[in-house]
Amino acid sequence: MAREQHDYDDIPGTFVFDQERSRQGYGINMFCMSLMQEENRKAFKANEAEYLKKFNLTPQQTDAILKRDYNRMLELGGNIYFTAKLGATDGHSFRHLAAEMTGSTQEDYANMMLAGGRSVEGNRSKSGKAAKTAKAAKPRAKARAKKSRSKRG
Amino acid sequence: MARIIAGVSSSHVPAIGAAIDNHQTEEPYWKRVFSGFEKSKEWMERTKPDVCIVVYNDHASAFSVEIVPTFALGCAAEFPPADEGWGPRPVPVVKGHPQLAAHIAQSVILDEFDITVVNKMEVDHGLTVPMNLLFGSPKAWPCPVIPLAVNVVLYPPPTGHRCFMLGRAIKKAVESYPEDLRVVIFGTGGMSHQISGPRAGLINSKFDKAFLDNLTKDPKKLTRIPHIEYMREAGAEGIEMVMWLIMRGALDDKVDEVYRFYTVPASNTAVGHIILENRARARKPAAKLTRSKMKRAAARAKVERIRG
């Protein structure tokens, strides 16, 4: 069955960790939780593919983990607070992972943050429906609501 | 009678904790962040609450994906710092206030908030970073703390309105506790940030500043922000800001904003911080007014019944 569509799927560059992704990615997130223990980190590092067999993962999920493809892990149901534990096992911070997921170099990403971060302008909507600011959208929504109320009345 | 005297909100960025633990607070990048909390620490030192309620979220430390409670109230006698993968943070064990926590649990559940009671829980940076920002790094925390963990990791988190109303129920619970305690409530997390996916690094200062303004003056407006708007405007993880509304709901309608600080960035995040104080109450006249209002309401109800 294809993924059910939600309003938030329109936000670009974002994988919302919802109930469906949580169901799908249970194995990824439980694998990541296991890395909270030192002996598990060692076992994973010693033979990654073998260690991953202990978890209920699809071949695509296993592949994403082995390749450290963080965006793909999120798409397949991983959550950043969990996958960050894999990052930590590799010695990386949240910011390091964030830079990787955006496709920037570490330096470029750090400079973008120092300059005030990524602007929301142009980053609100894939479809362009919500391209304008939320404030601008509100009065229209209110006007529509009034109209429909007056029709009913 | 116990009373909530003030509310504090603050971001809880893990890198702030790391900067404290690694003694980097004097480095220019971090000094910019920490200097914004100097006045807050002085305020806390003067205020000396008897108990703090800290609303925060767990980040896959105490709760994995096995159990995901929407609201989990820490009712234990103590809460050790969690090992988040680098060993537990070198901060004191958080001492709870089991009596007040039990009272709050009993009261809010009867008020229709079906919270989870937690008697064993480790607390992560979500709770300990704001503690450091307001109390510094003492050998022991100066007062007991009741943790309230809110799920903002697995979508959907509770709505902003639900959070605000839980705050209202907490206020009622605290005010019905017989011992004279002065309570400060923390709302933590945010402000705008996204740490996941290709849109990571998103910051929206305009949204954040409007949120801070309305938190003081018109919090009801904030309770109407739908989840999609938080995620779109303030980043996927910016949705944490719903937790600030629990803090705000636990305060009176009219509050005094005594301090505010905002800076970008700390790691991936816009750091926001605000201190709101309840105004001193003239208790007796207020009580009289309420009674007379009740009399009028009762008289009106009688008239209605007669007419009906």
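A polar contact is a pair of N or O atoms within 3.5 Å, where, within protein, one must be able to donate a hydrogen and the other to accept it. With that in hand, let us start where the two chains of this predicted model come together. Between chain A and chain B, 18 residue pairs are in polar contact, both partners at pLDDT 80 or more. The elements of chain A that each give two or more residues to the side touching chain B are α1 (19-24), α2 (26-34), α6 (70-75), α7 (80-89), α8 (94-102), α9 (106-114) and α10 (134-152).

How much area do the two chains bury between them? The figure is about 4000 Å², with 64% of it on carbon and sulfur atoms. In chain A, the residues that lose the most area to chain B are Y81(A), M113(A) and R118(A), which together make up 16% of what that side buries. Counted by contacts, 47 residues of chain A meet 41 residues of chain B.

Salt bridges also join the chains, and their count is 2. If you look for E233(B), you will find its side chain in a salt bridge with that of R124(A), at 2.6 Å from N to O. E233(B) is also one of the buried residues of helix α9(B). That helix, residues 227-234 of chain B, is mostly covered, with 8 of its 8 residues buried. Besides E233(B), the buried set includes H227(B), Y230(B) and R232(B). Just after α9(B) comes G235(B), which takes a positive phi of about 90°.

Now let us turn to the nonpolar cores. The largest one has 68 residues, and I104(B), I170(B) and F211(B) have the most contacts inside it. Helix α6 of chain B (residues 160-175) gives the most to this core, namely 7 residues. Leaving aside residues up to four places away in sequence, I170(B) touches I4(B), I53(B), I104(B), V108(B), L148(B) and I246(B). Another core, of 42 residues, lies apart from the largest one, and C143(B), V184(B), F261(B) and V271(B) are among its members.

One last stop is N214(B), which sits in helix α7 (residues 205-217) of chain B. Is N214(B) buried or exposed? N214(B) counts as buried because its relative accessibility is 18%, and the cut-off for buried is under 20%. Its contacts, not counting residues up to four places away in sequence, are P219(B), K221(B) and L222(B).

Definitions and conventions. Residues numbered from 1 in each chain as written. Chains lettered and ligands numbered in written order. Predicted model: local features only at pLDDT ≥ 70, side-chain atom pairs only at ≥ 80, totals over all residues. Heavy atoms only, no water. Helix = DSSP H or I, 4+ residues; strand = E, 2+ residues; numbered from the N terminus. Buried < 20%, exposed > 50% of the residue type's maximum accessible area, 1.4 Å probe, protein only. Contact = heavy atoms within 4.5 Å. Buried area = accessible area lost by both parts, 1.4 Å probe. Salt bridge = Lys/Arg side-chain N within 4 Å of Asp/Glu carboxyl O. Polar contact = N/O pair within 3.5 Å; in protein donor to acceptor, adjacent residues only side chain to side chain. Core = buried A, V, L, I, M, F, W, Y, C linked by side-chain atoms within 4.5 Å.
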